[in-house]
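Dear colleague,

I am passing on the structure we talked about, together with some notes on what turned up in it. Please have it open beside this message as you read.

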Amino acid sequence: MKKKQTVAEDPEEMIPSDSSQKEDEAPIKAKRSKPEEEEEEKEEDVVFHPVKLSRSDLYRPPSAEELNQLKEAESLFHCSLLKMQMEELLKEVALSERRKQRIDSFILTVTELLQAVPESPEVEVSDLSWLSGAVKVPFLLVPKATKGKFHMAPPASVDLIGSYPLGTCTKPRIMVDLAVTIPADVLHPKDVVNQRYPRKRALYLAGMAEYLASSSDIGTMRYSCLHGNRLRPVLLLTPPGKDSSSFTVCVHVCPPPGFFKPNRFHPQRNNIRTEWYTGLQSSLSESGEPPTPHYNSSVLGDLLPRAHLQFLSAVSSQCSAFADGVALLKVWLRQRELDQGTGCFSGFLASMLLAYLLTTHRISNTMTAYQLLRNSLNFLASTDLTVNAITLARDPDSTAPSLAEFHSAFQVVFVDPSGHLNMCADMTACTYKQLQHEASVSMQFWDNPTVDGFHSLLMTPKPMIRTSDHVFQLCELVKLQSSCKKLNLLSELMDHSGNYVHTALPFILSLLQRGLGQRIHLLTHSLSPAPEWSVESDAPKHKAQPPLSFGLLLRPELAASALERGPPADSPKAAEFRQLWGSRSELRRFQDGAITEAVLWDGESMCQKQLVPKQIITHLLQLHADVPESCVRYVGAMVDDVIKTGSEVPSTGEEESLLVVQSYDDLSRKLWRLEGLPLSITAVQGAHPALRYTQVFPPVPLKLDYSFFDREKTSRSLVPKENKPCPAYITPITVICHMEGSGKWPHDRLAIRHIRAAFNIRLGELLKKHHNYTCRSCPTHLDVWKDGLVFRIQVAYHREPQVLRESVNAEGLLVVRDNEEAQALEMETIHKPLLTSTLHGLQQQHPCFGAVCRLAKRWLGAQLFSDDITEDTADLLVASLFLQPAPFTPPGSPQVGFLRFLHLLSSFDWRNNPLVVNLNNQLTAADYTEIKNDFMASRESLPVMFIATPKDKTLSMWTKRAPSVQMLQRVVMLAAESLKVLEHQLMDGSQIQDVRVVMRPPLDAYDVLIHLYPKQVPLLSQAVDPPAVTFSRGVMTSGVALSGGVMPVIDYNPVSLYLAELQEAFGDLALFFCDPYGGTVIAVLWKPKAFIPVPFKTSQVSARRVEVTGEEANTFPNVEAILEDFRVMGKDMVKSVEARTEKWSF
């Protein structure tokens, strides 16, 4: 059953939901054309009937092959499930036989058409008059003219190349490569110079496109470039009719094998003359010209595809799992967005890597696909091709370049079997470092039995915005022209044939790498997608591509440092430091007496310091690359706006939380030292989200304006005045104070409560006497007014829950029975304090943990889910992102943590899996298995959202009460939608930049809306869209909050009190929802069963009306009266009651 489940759900997750996806790139099985889907279903989804086996077959001993498979599953995989999942995935991405037949017949048609291309008279290369105006040449003709003659002629041959004949072609993006050989008489041996060959190649492609345009056997025709290389345009053909989106044929144009000598393409030779390219007279001889390694490798790449296919076929024929191994590696690369675009690690390179490992005997021919993938990733993680090149050439000829020569020309080196071509010529060092990083992260969690390795490895998409801690984009790419000028890159620009984006990119990356230094683990960049355009339009300009995105993986401990300390003033490196930082560098003297160069960045609060990398990036790009700040779009902390407070120095709660924790620590020390208590204090524990840094808006020390309040005579308290707005809300911060056990504690529940009340009075007297704190004692707690904050101390006795469980039955026997009262007390005095201290420890390890919790809870509150996913549940969900981040690294910024929180909510399989939060790393692999087995055994009786922790493996006490199935479904749906909208907005600068969109709840699903007067909402300033006009709430803005003085009214929030009254009165008829952070609307949803008629009873007629039909009298809810009750109960608070649906009327 489990296996079936995996197949049904996973394929859709397999592909990142990328807006730029082409039709043929649609998620596997998700969006195939209907007729084809149906046909394949007919072919593949046969109805299976149980097979009747004879007795001898049933008890037949396993064959040698079956024994091998069993042994393999036992030794290689954590469990047999992983083996089954991999096999299912391979079936899912393999091409069906029917699809192959269609491809073969279309290839045959195309080949016949191409062989009938008519000849044309010979003309100059620059003369395009022979082409009809409709079809354009897929080439940017800069400079305008070059020497040479050209004529069309039928191809010398048309061959299949690439993954399809090799058997490594996979869904969903099926590309079939076709190599068309230009006849030798069209070319000239000197065509390698000055783009003559690339231009003839483009003309030949245009000639074929013109001829094919008239054929009805071709569906659509578009131009593209091979991995974004403008010198290598290709023609994309699709079949006509219903098959048009099922596969694409990619037509490459190649010279005849051996037509150009490979030594012409040595990376240190020049094939583009400066005089021709610039149009200026040049006195340079050929030997003095700058080398053109990228141009050379582009042309050489066209000479070798057939040789590469022969080489790979020979290797794959000896290894039976080769195709499956490549397929798994391709899926892995695709999920990490590394398999497409300029400088990508393509499927071809994946095949070549496996071939390298097989030919060098690092892996054996008998290995399974699983082992091939594992060994490939292990090799990538441990081998740095930017330093140590690898080569497939066994015995290269004497003219082949050495590896050192390749390294001097290219950043990443992987040499092909001929020994002349670097297959990673276009790859930047950063892309390879990203590949290495991803491989090492995969290897780390692969062997961890507590992680679902298959899902993390091959099923979870890793888009940049969800992987990198900070992202920024270069928007107007045309500005990179001036960067090339500033960085003096003319010879590199010639080498890249005028593509200034890819010319400047490596230099910009190395500049940023130097500037960011130790602040980052990794710098990544998006791979420019290969452009596609119609055959009737001109080739797009270099600037016509999406913005370049860069991702930063931060080191949290160093990234936010505002000081960049340089070398001592007299050191030779000081000049280099000054050159890098320009005017920002200045001499400073430090406390240790050293005088060094230093750069000081702006930033007072933590949320400002988080953006120090932004300041570094914009400064360096402006200074060294002429890229103005307006072109840099930094997406590091956009979402943080919704939890920002403070006008002069904005803060996202870190500083306020620290103040609360420091004040609590001080109180805790003072409680420990109190003398004069009948029993000593054994523990003081915080039990409030503010004490673990996760309160959405942490309590702020308040100084009260006494004129705003009335005085209550007996207790000298401050009471709100009737005509004034509701005063500021004062949060009581819960502190649990455990008293030592003693034989003097009574064994009666009521007596224990009285003793606790006596302790409250005594504690209050001692704190007043020794520290002059204003205290108010209550039977259940003691409120202490300290530093403008209120701490609510609850005295706890460790045996009280046990006493609550004990009772004496009619026979006089002692019965121990669990009950809700005891559980609630344990939750308050044991579990919550423990959770608070554990999560406080997590915050010390991961500085942005608290901010991610605050964002997550702000979203839950704004979407009206606060009652369903409680504060503790939300904190545990966020903790799981830090404790088990696979396949990511732990979040390094609040924004990326929040995106992953939404992804977790929307994609986790709550029905079939428990979410295990391994706090303090206390759970072993055996515990995980036990939790999973217990969960499966009693699934029906467990909460729908099941969260297991080391202290709670079987009950999921945090989610016992809520959410319900329906609410969880809604949470999942809204999380998925919010994630989609937010990621799209963050990555697309053309969108309206308003991240608060995901915080505004859709209210159309609710039946009644109760609008409240903003004046009576004490937390109005915390609303998602705070009003322009705010009310005075009796707080003085200037001055320091002090201890002592008069006690205000604590925990007074009319909105939550009104909500509680509504739930108590009408909870059987409706559900009530409200945003606890300044929401001015209470949304009401009628329960479906509320309107079922009930037989008349005199005891059940409140808020109901009676209808008599014949002999029967039934009662229905009286909605008009109920709505009137809403108004009456909320007198002076309710502005209006809006009934939006008429559900009850029918």
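**Backbone, salt bridges and surface**

His-361 has its place in the loop between helix H13 (347-359) and helix H14 (369-382), and although this residue is not a glycine, its phi is positive, at about 60 degrees. With a relative accessibility of 68%, His-361 counts as exposed, because the cut-off for that class is over 50%. Gln-195 likewise is not a glycine and has a positive phi of about 60 degrees, and it lies in the loop between strand E4 (175-181) and helix H8 (196-212). Gln-195, however, counts as buried, at 1% relative accessibility. These backbone values deserve a second look, because most residues other than glycine have a negative phi, and most peptide bonds are trans.

Before going further, please keep in mind that this is a predicted model. The protein chain averages a pLDDT of 87, and 93% of the residues score at least 70. Over residues 1-46, on the other hand, the pLDDT is below 50, even though this stretch has 89 contacts in the model beyond near neighbours in sequence. Where pLDDT is low, the predicted coordinates should not be read in detail.

Two cis peptide bonds may also interest you. One of them joins Val-142 and Pro-143, with omega at about -10 degrees, and Pro-143 lies in the loop between strand E1 (123-124) and strand E2 (149-150). The other runs from Ala-962 to Pro-963, with omega near 5 degrees, and here Pro-963 lies in the loop between strand E28 (947-948) and helix H34 (965-987).

Turning to charged side chains, the count comes to 47 salt bridges, and I describe a few of them below.

Within helix H5 (residues 80-93), Lys-91 and Glu-88 are three residues apart, about one turn of the helix, and they form a salt bridge in which the closest N and O atoms are 3.6 Å apart. Lys-91 counts as exposed, at 58% relative accessibility, whereas Glu-88 counts as buried, at 16%.

Which parts of the chain does the salt bridge between Glu-564 and Arg-519 tie together? The closest N and O atoms of Glu-564 and Arg-519 are 3.0 Å apart. Glu-564 lies in strand E14 (residues 563-568), while Arg-519 lies in the loop between helix H21 (500-516) and strand E11 (520-525), so the pair ties together parts that are 45 residues apart in sequence. Both partners count as buried, because the cut-off is under 20% relative accessible area and the values are 19% for Glu-564 and 5% for Arg-519. The side chains of Glu-564 and Arg-519 also make a polar contact, at 3.0 Å. Leaving aside neighbours within four places in sequence, the residues in contact with Glu-564 are Gly-515, Arg-519, Phe-577, Trp-581, Glu-597, Ala-598, Val-599, Trp-601 and Ile-616.

A further salt bridge is formed by Lys-857 and Glu-871, with the closest N and O atoms 3.0 Å apart. This pair links distant parts of the chain, since Lys-857 sits in helix H30 (residues 849-862) and Glu-871 in helix H31 (residues 871-883), 14 residues apart. Lys-857 is buried, with a relative accessible area of 3%, and Glu-871 is partly exposed, with a relative accessible area of 26%. Both belong to one network, in which salt bridges that share partners join Arg-692, Glu-828, Lys-832, Lys-857, Glu-871, Asp-872 and Asp-875.

Finally, there is a nonpolar patch on the surface, formed by Leu-53, Leu-58 and Tyr-59, which together have about 350 Å² of accessible area. Of these, Tyr-59 is placed in the loop between helix H3 (55-58) and helix H4 (64-76), and Tyr-59 counts as exposed, at 59% relative accessibility.

Methods
Residues are numbered from 1 along each chain as its sequence is written. This is a predicted model: local features need pLDDT of at least 70, side-chain atom pairs count only at pLDDT 80 or more; totals for chains, interfaces and linings use all residues. Side-chain values use heavy atoms; hydrogens and water are left out. A salt bridge is a side-chain nitrogen of Lys or Arg within 4 Å of a carboxyl oxygen of Asp or Glu. Helices (H or I, at least four residues) and strands (E, at least two) are DSSP runs, numbered from the N terminus. Buried means under 20% relative accessible area, exposed over 50%, partly exposed in between (1.4 Å probe, protein chains only). A polar contact is a pair of N or O atoms within 3.5 Å; within protein, one must be able to donate a hydrogen and the other to accept it, and residues adjacent in sequence count only if both atoms are side-chain atoms. Contact means heavy atoms within 4.5 Å. Patches are made of residues with over 30% relative accessible area and no salt bridge: like charges are joined within 9 Å, nonpolar side chains (Val, Leu, Ile, Met, Phe, Trp, Tyr) within 5 Å. Accessible areas come from the Shrake-Rupley method with a 1.4 Å probe; for residues, only the protein chains shown count as cover. pLDDT is the predictor's confidence in each residue, from 0 to 100.
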